[in-house]
Each structure stands twice: as C-alpha cells, then as structure tokens.
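The following exercises ask you to read a protein model together with its ligand. Work through each task before turning to its solution.

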Amino acid sequence: MDNLSNQILTSKRPFVIAGPCSVETEEQTHTIVKQLANEGKVQLIRAGIWKPRTRPDSFEGIGEKGLPWLKEACNQENLPFAVEVANTKHAEIALKEGANVLWIGARTTVNPFAVQEIADALKGVKIPVMIKNPVNPDLNLWIGAFERLQHAGITDLVAIHRGFSVYKHEVYRNVPNWEIPIALKQELSSIPIICDPSHIAGRTDLLLEVSQKAMDLNYAGLMIETHPNPEQAWSDAKQQITAKGLSELLDSLILRTRQSDTFTTKELESYRQKVAELDTAMFELMSERMKISEAIGEFKKENNITILQEEHWKNLLESRLKFANELQLSSEFVRSILDAIHLESITRQINVMNHSK
Ligand code: PEP
Ligand code: MN
C-alpha cells in the first residue's frame, strides 16, 4: 500500500479501519469484508490472524491458513488489509501472503526486544506499520517503538490509541488516558493517530461516545471491530458490531472543524486571554505556597520534627475536599491537585532539611 500515513492525513476524517477481531472461518471472513465493502465507508480492513490473548484458554487465532481467505476476500472487494504481527515469523508470513499493512499490538509494543526483532525483519521492506500503544501507560515505550522502526528505515507509520490496562475499571476495558496520545502527537507530529474505541470501551454501547471524543480531539481516524454476527464471535464478542452498526455509528458522529473562522477565533481569543490571566494568578499563588512549605521545613528542622505529619495531612485533605465540592470541583480532580502539591511540598522540605545553607 502506498503511503498509508499520508493517505490518512489527507483523506476526509475519519479514515476508517474495520474488520473482525479475528479471522475465524473462510465464510465469516468473506461475509464481513463484503458487508463492509457494501456499506462503502471503510478504507482498510483489519483482522487478527495470530491473537495474543491474556489467558491461554482463549482462541489464539486461526493462524497462517486464514491469510489466503483474507487476501481473497479483500482482493474481491478491492480493499487493502492489515494484520497484527507479534514476532519475526508473523512478519515474514504476513509479507509473503501479501498483507498491505502490518500492525504491532499492545502486548508487543511493551517489549522492546520483540519490537526490535520485527523492525529488523522489515529492514529494506516498503510497508506501512501501525503501532498500538503499549498496555501500560508509558509514553516513552510507545515512542521507542516508533524509533525502532524508523531506525530500520520504516517511515510510513501510524499510531493506534487502544487504551491502557487497569484492574477492574467500572467503565472501560482499557482506560483511555487521552493525555498520552495527545503528548505523542506533540512529540511525533507527523504521525497520524487513529483511535480504537473497541478495545478502549470493551462494550458496544460506549463506542459512539469514545469515537466522538476522538473526533473532537482531532484524531485522523477510527479502527473499529466488526463481525457478521458479533454475539457469536470467537474473540472480543462483547465489543464487536455489525457492518450496518458501523455505518450508523459513523453517520451519528458530529465532525467539527479544526480551524475556527475569524469571528469564533476572536471569541475564543478573549476566553484564552482570561484563562492565561487565571493561570498566572494560580502559579503566583503556588509559588507563594511553596515558599511557605520551605519555611515550614526550616521550622521542622530547627525543632527536629519529621516532615510527614499524617494526621494533619488527613484532616487537611478532608477539609479541602469538602470546600472544593462546595465550589463544584470534583473530588477526583482536587485530590490529584492536592497530591501533586503535597509531593512538591515534601520535596522542598526534604531539600531544606538535608542541605545546610
Ligand atoms: C486487536 O486489535 O484485536 C488486539 C488484540 O488489540 P490490542 O493489541 O489492542 O489488545
Ligand atoms: Mn480484539
């Protein structure tokens, strides 16, 4: 496939990648590819051939024999297809069988040795590679995977944001941590980002909400798992939708413009000015706050008192959270700010106590 990243960046948003979590049978593969082609909204088919599953008793993919089914189904509809590769062998077979695009899954991106092996296997090959975020929320590990491929001469790269693992989250299968893909975009500005709402949500009723958010954050496209008969899927049954369901979802998206016109820009500017003033005031207060922390540090040093006073911290948290709630600030938000302030304050006090002037 010729320059996927460029195609994604220049095509109308969202660039749509869809297909089943896994290739299961020849018939299932042909059916879903045909259905997606008939809906006419998909630019690239995705399908898992080798499935890295968390538990060994799950379906681990149909393997190599599924590739000709996928290739034929896609050729018939004139659509390119992408498969996941987790090691050198997968990469070699996928290339031999004519995959147009490869992707590195979340459980592979965590492992620099595995990523390096794949990068080495692809040296000198001209193929687009999509890299999913690692399962753990580590921006550098994600960036490192891009660098390994770039050093091997693979320049047609795309990022896929599929969320991060947590233990028993009440809403998401994988928490989005939107700030991480946003930071990736800042570091690697030429690489398009695709959102995979299927693995973030883990359930169909949240797909639209997550997809809409991705569009509002200027993502270039979406990767959505689709199956002819989702309830019967051999993997990820709870999160797959039909080709019709995908069309409905895409039709429901509100696509806002990236650039505002002169009038809205002016309005926005006045809000931004206000925000800048408030940020300045906040930082001035923080600076004052930290100077007092240092004075407390001096006092504790002179009087031989330990830095952490648990009871005091507990009471302070309680009263501040209560006050913040009265101001309609969420406890979660205020708690994270207070934790950051507390940590900085402790660091300053340690510096004061352990360094003589
Ligand atoms: C998949 O796309 O089906 C898959 C296994 O995804 P992830 O690597 O994001 O878990
Ligand atoms: Mn899946």
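The structure shown is a predicted model.

**Exercise 1.** Determine which residues surround ligand 1, and how the shell divides into nonpolar, polar and charged residues.

*Solution.* Step 1: list the neighbours. Ligand 1 is surrounded by Cys21, Arg46, Lys51, Glu84, Trp103, Gly105, Ala106, Arg107, Lys132, Arg162, His199 and Glu225. Step 2: sort them. Three residues of the shell are nonpolar, two are polar and seven are charged.

**Exercise 2.** Find polar side-chain atoms that lie close to an oxygen atom of ligand 1, then state how much of the ligand's accessible area the protein covers.

*Solution.* Step 1: apply the cut-off for a polar contact, a pair of N or O atoms within 3.5 Å. Step 2: compare the distances with it. A polar side-chain atom of Lys51 is 2.8 Å from an oxygen atom of ligand 1. For Lys132, the distance from a side-chain N or O atom to an oxygen atom of the ligand is 2.8 Å. For His199, a polar side-chain atom lies 3.3 Å from a ligand oxygen atom. Step 3: consider the cover. On its own, ligand 1 has 300 Å² of accessible area, and the protein covers 99% of this. The space that ligand 1 takes is the largest cavity.

**Exercise 3.** Describe the backbone at Pro14 and at Asn78.

*Solution.* Step 1: Pro14 lies in the loop between α1 (4-10) and β1 (15-19). The peptide bond from Arg13 to Pro14 is cis, with omega near -10°. Step 2: Asn78 lies in the loop between α3 and β3 (81-84). Although Asn78 is not a glycine, its phi is positive, about 60°.

Definitions and conventions. Residues numbered from 1 in each chain as written. Chains lettered and ligands numbered in written order. Predicted model: local features only at pLDDT ≥ 70, side-chain atom pairs only at ≥ 80, totals over all residues. Heavy atoms only, no water. Near = heavy atom within 4 Å. Polar contact = N/O pair within 3.5 Å; in protein donor to acceptor, adjacent residues only side chain to side chain. Areas by Shrake-Rupley, 256 points an atom, 1.4 Å probe, with all protein chains shown as cover. 1 Å grid on protein atoms, 1.4 Å probe; cavity = no way out; pocket = protein on both sides within 12 Å on 5 of 7 lines; lining within 4 Å. Sits in = over half its atoms within 2 Å of the grid points. Nonpolar A, V, L, I, M, F, W, Y, C, P; charged D, E, K, R; others polar. Helix = DSSP H or I, 4+ residues; strand = E, 2+ residues; numbered from the N terminus.
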